[in-house]
Amino acid sequence: MTDSKYFTTTKKGEIFELKAELNSDKKEKKKEAVKKVIASMTVGKDVSALFPDVVNCMQTDNLELKKLVYLYLMNYAKSQPDMAIMAVNTFVKDCEDPNPLIRALAVRTMGCIRVDKITEYLCEPLRKCLKDEDPYVRKTAAVCVAKLHDINAQLVEDQGFLDTLKDLISDSNPMVVANAVAALSEIAESHPNSNLMDLNPQTMNKLLTALNECTEWGQIFILDCLANYTPRDDRESQSICERVTPRLSHANSAVVLSAVKVLMKFMEMLPKDLDYYGTLLKKLAPPLVTLLSAEPELQYVALRNINLIVQRRPEILKHEMKVFYVKYNDPIYVKLEKLDIMIRLASQANIAQVLAELKEYATEVDVDFVRKAVRAIGRCAIKVEQSAERCVSTLLDLIQTKVNYVVQEAIVVIKDIFRKYPNKYESVIATLCENLDSLDEPEARAAMIWIVGEYAERIDNADELLESFLEGFHDESTQVQLQLLTAIVKLFLKKPTETQELVQQVLSLATQDSDNPDLRDRGYIYWRLLSTDPVAAKEVVLAEKPLISEETDLIEPTLLEELICHIGTLASVYHKPPSAFDSDNPDLRDRGYIYWRLLSTDPVAAKEVVLAEKPLISEETDLIEPTLLEELICHIGTLASVYHKPPSAFVEGNHGVQHKGLPGSAGSHLSTPKQPASNISTMGKTKELSTDIRDKIVDLHKAGMGYKRIGKQLGEKISTVGAVIRKWKKHHTTANLPRSGPPHKILPRGVSLIMRTVRNHPKTTRGELMNQLKAAGTTVTKETVAKGTEHLHRIEGRMDGAMYCGILDQHFLPSVRELKMGQGWVFQHNNDPKHTAKATKEWLKKKHIKVLEWPSQSPNLNPIGNLWRELKIRVAR
Amino acid sequence: MLGFFVGEMIHSLFLINLSGDIFLEKHWKSVVGRSVLDYFFEAKEKAVNPEDVAPVLQTPHHYLISIYRGKIFFLAVIQTEVPPLFVIEFLHRVADTFQDYFGECSENVIKDNLVIVYELLEEMLDNGFPLATESNVLKEMIRPPTILRSVVNTLTGGTNVGDMLPTGQLSNIPWRRAGVKYTNNEAYFDVIEEIDAILDKSGTTVFAEIQGVIEACVKLTGMPDLTLSFMNPRLLDDVSFHPCVRFKRWESERVLSFIPPDGNFTLMTYHVSSQNLVAIPIYVKQNISFFETGSCGRLDITIGPKQTMGKTVEGLMVTVPMPKAVLSVNLTASQGNFTYDLATKVLVWDIGKLNPQKLPNLKGSLSVQAGAPKPEENPALNINLKIQQVAISGLKVNRLDMYGEKYKPFKGVKYVTKAGKFQVRT
């Protein structure tokens with residue numbers, strides 16, 4: 001007898017037929033009908049129309065039928081709240097049933113019906129069930145409190161259910177304790193500040209006792225709860241560790257990982273010289289190794305967490321390298337994780353084995369994996385200095401295989417090795433050059449060009465090689481073009497006589513025939529450098545490359561700390577810090593300030609620092625930042641540990657917190673007060689989505705729809721949908737944000753310099769100002785500094801178009817008159833929204849003011865922008 | 001650790017077949033639209049094999065955690081920070097339960113038993129909290145659909161659901177029900193060991209370890225308290241126990257002391273790691289090579305006994321996934337049969353018993369697609385084998401004692417060694 005027969009009636013009258021059957025007098029027929037209804041429900045068919053008929057079947061002694069009706073109710077009560085009320089009486093009655101199974105079923109189902117009206121009736125039965133004599137009912141009721149809290153938190157607090165729940169932690173039955181803990185943790189999650197889980201030594205003791213006796217799932221809840229406790233001293237720490245250690249031998253891998261989390265966290269508090277500390281370290285390795293023989297999905301999560309653990313405490317697994325060896329039928333996601341951990345564990349002691357393995361992997365079938373294996377060889381070379389030579393020879397062997405993607409990957413990797421160990425392995429260059437023709441990937445081509453440029457003096461036919469690339473210059477990717485430009489300039493500086501023509505050719509290709517601003521900027525900079533001061537050019541382009549710090553990619557210690565506390569969570573899977581989701585990028589800001597300071601104080605030093613090409617690559621480029629690692633370790637076993645992001649990254653958009661409005665452009669007006677104003681932008685801004693559509697996108701997104709579906713439904717591109725949603729997440733608005741405009745020509749500091757000087761010595765000439773600015777590192781023309789001081793106006797609040805016109809009227813025109821500028825001037829201002837506002841445009845027209853057209857985001861009118869761009873590019877490397 | 005969405009661990013469950021049809025969905029709270037699965041389907045499209053779909057996927061509002069079992073994806077939709085292992089373990093437990101109830105875990109069998117499946121899911125998870133996942137307990141609440149029971153049900157009007165509260169939920173030993181009675185009291189233990197190994201071209205062991213498991217079938221009356229001891233328990237590097245095993249006794253005396261569940265269960269799993277010497281029962285001499293010209297290659301494999309502990313190696317089988325360019329094979333086997341699947345390019349050589357006097361050999365030529373470049377990758381050999389009456393690690397059960405009951409049970413221990421992930425690189 002199978003259930004597939006329930007699908008045979010797919011004709012139109014199905015619902016009517018079922019209705020008739022549900023109202024049949026025969027019990028058997030009724031039951032069959034309910035089964036058919038449930039079967040339709042399971043495959044996603046809408047059978048909600050049958051609600052009253054199904055509810056009518058609820059009053060029955062037949063447990064199976066009752067269960068089925070309850071199943072149905074849970075599914076549809078939300079959409080039929082009025083109907084659901086009909087069922088209340090039966091629920092209340094069932095909560096008094098002599099059979100504990102029915103009592104539990106009733107209270108459980110009632111909790112699942114997320115209808116406000118029902119919750120009022122739920123309170124009394126729930127109170128009774130929480131004190132039921134039967135532990136099965138109590139444990140079900142404990143979970144029900146969490147459900148009710150989710151529907152109506154206030155009600156739960158008013159009714160005192162939270163206290164009852166806390167009392168259940170002291171229940172005699174371990175399963176009840178576990179469920180109470182789970183329910184309290186869930187409630188605490190939505191009330192971060194409430195003192196629900198009052199973790200004190202007494203509670204801890206109760207939890208640890210229950211830990212030994214409750215079900216595996218309960219153990220996970222309790223262990224996760226324990227992880228939030230802060231022991232008073234190392235003795236308490238040790239005693240908790242001792243009582244948690246047996247969980248490492250549990251058959252359920254989630255229990256094991258949660259136990260690892262607790263141990264990793266409490267271990268921090270143990271003195272390292274304690275004997276027990278060493279014992280504990282030894283006990284951690286075997287269960288972690290065993291996790292790797294579980295199903296691949298479990299392995300994956302375990303590996304992501306092990307990745308954190310080996311960064312925090314490499315000693316735990318340092319002898320277990322072999323378990324991370326890749327089997328050819330491992331799923332690809334397991335293979336890649338294993339590879340990553342192998343590199344983290346690589347040391348002088350085991351590097352020979354590791355290299356032999358990596359070489360083996362480089363002949364595998366899966367292309368992605370092979371590539372990563374080749375890269376791994378390079379990372380080994382950078383990490384373990386003693387192995388570099390061996391790595392290089394392994395890579396050369398791989399190049400001999402002539403497998404195209406292996407060769408390309410190997411060349412990219414060898415470039416990195418050259419950067420780490422300059423002038424050490426150039427003997428291999430000849431072999432590399434043999435493979436020049438087979439390179440078709442931009443990264444590999446760029447790497448090869450870099451090598452040729454860097455070692456141009458040792459390659460006899462360097463000019464020919466580079467020239468051959470030049471032929472298809474415009475078809476190359478930007479990466480290759482930039483690299484080629486730099487390489488030829490290097491070549492020219494090293495062998496100026498033979499390559500004059502070549503350098504001329506590349507410079508004109510880069511500056512005149514290219515519309516790529518990056519390339520053009522760099523071309524101009526080189527051109528100017530070479531034409532003005534070849535000695536300086538040599539110094540700058542061929543400068544000794546400074547080393548960069550080794551551990552750039554480890555997880556930040558504090559973050560690692562936090563993640564370790566959340567081992568086993570989602571955060572520990574993603575290994576990402578919350579800041580990764582922050583809106584503005586402090587990194588960039590900080591760096592900007594540093595450069596600014598550098599340029600203003602010591603331009604020569606700045607040149608050396610900034611223009612020094614390609615810092616040596618760090619050995620740890622793939623490590624997680626130390627703080628992030630720290631945090632992730634705290635989250636071993638969580639989703640975060642799989643994605644290596646901190647748990648807080650998983651908080652969905654903080655709806656409560658409104659982003660502060662971006663600062664108005666008041667500040668920017670102070671910094672460019674002299675800019676002769678205005679323009680009517682004609683540069684094509686693409687058609688904007690109406691706010692309606694944007695709101696609709698966000699609504700659909702909130703409803704859980706994917707970008708793709710939204711896009712299809714509204715007929716917009718996926719990328720557009722994504723952009724709107726990202727913006728909404730970041731700024732909580734769909735309206736247009738104030739636009740940033742091009743970078744200021746004179747930076748705030750320059751402005752304050754001008755203001756200060758002018759304030760103190762109102763007679764300062766623009767020439768003097770210009771020179772001062774130049775000393776501070778900003779080169780501008782006299783005109784930019786402006787023809788004397790225009791009136792300054794303090795702007796209160798946010799400026800709009802009308803206000804701007806007022807300012808122009810009151811201050812700008814008198815200034816023009818005072819400065820005796822005559823008729824031959826042009827007003828120039830950027831495309832700030834108020835500058836382009838209708839009111840402003842009309843005002844300018846009325847006053848017959850000539851306005852310079854200002855292309856949007858134009859770097860050309862902002863000469864210094866070119867330099868910033870170059871800086872940014874270099875900084876980004 | 002704050003989740004914005006308050007809610008259960010597992011919000012919804014979808015069962016999806018290989019062609020991407022959703023044939024079952026269950027929502028524990030609100031209904032999550034199927035569109036959330038777009039992210040999963042995207043990942044599935046990209047993956048070469050269904051096994052390669054990453055088990056944890058991130059979407060703007062949800063996390064999708066999936067496992068692949070019996071050609072079905074079990075996919076859980078998550079909204080809060082949840083230990084992913086918790087979810088994965090639970091999903092495997094669901095699949096195990098289906099297997100246990102219906103004899104197999106496949107799309108057809110699930111479709112045939114939709115209502116029971118739905119009831120099971122409801123019983124296993126309440127508001128995201130696992131409720132009853134022990135097979136023994138579940139079977140008392142929802143009876144499995146045996147043919148016999150179906151007949152009886154129709155005759156007597158009985159139902160699939162028990163109305164007795166499962167005792168296991170109440171006692172301190174959730175794995176055993178009270179009042180068990182048998183006329184023949186018996187306790188059998190199977191010690192099963194699997195060798196996971198990687199051998200390199202020259203036959204050297206790159207990596208080897210043993211995964212062991214002790215499966216028990218205990219049918220004893222009352223509340224027996226058992227003690228199982230080993231001759232050499234120090235062999236074991238890592239152990240995991242069924243919840244019934246008293247961990248303290250193991251820590252102090254290295255014996256397994258427990259009140260067993262009723263029926264079949266896994267008593268313990270253990271691990272003997274590569275640091276101890278793992279015996280490799282066979283050696284493999286192989287040569288698979290392709291020629292630069294002439295679009296063909298050669299294959300020659302011989303297998304011989306190595307450390308077999310004096311027992312016969314049986315069920316010997318070699319599986320070779322060939323490079324895609326290999327069109328056909330022209331081989332002769334000195335023993336056993338071989339097949340070459342043209343679609344999957346897998347060569348299977350089923351040898352059977354290993355005769356030390358006459359070593360099995362497979363050799364001949366491989367023909368490669370004309371004009372195709374010489375295959376770059378090296379195929380790896382996958383070995384299956386079985387050795388009865390021996391645990392390759394040398395683990396031996398010393399004795400089994402029973403306390404708490406007066407009768408004399410019948411006791412038995414069986415050993416078997418198998419190849420697990422046993423690979424030979426070429």
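Visitor: Which residue of chain A meets the side chain of B:Glu122 in a salt bridge?
Guide: The model is predicted, so local features need pLDDT of at least 70, side-chain atom pairs count only at pLDDT 80 or more, and totals for chains, interfaces and linings use all residues. Side-chain values use heavy atoms, with hydrogens and water left out. A salt bridge here is a side-chain nitrogen of Lys or Arg within 4 Å of a carboxyl oxygen of Asp or Glu. At 3.5 Å, N to O, the partner of B:Glu122 is A:Arg108.

Visitor: How many salt bridges does the rule find across the interface of chain B and chain A?
Guide: The contact (heavy atoms within 4.5 Å) takes 107 residues from chain B and 120 residues from chain A. Across this interface, the number of salt bridges found by the rule is eight.

Visitor: What area is buried between chain B and chain A?
Guide: Buried area is the accessible area (1.4 Å probe) that two parts lose on being put together, summed over both. Carbon and sulfur atoms give 59% of the total, which is about 9900 Å².

Definitions and conventions: Residues are numbered from 1 along each chain as its sequence is written. Chains are lettered from A and ligands numbered from 1 in the order in which they are written.
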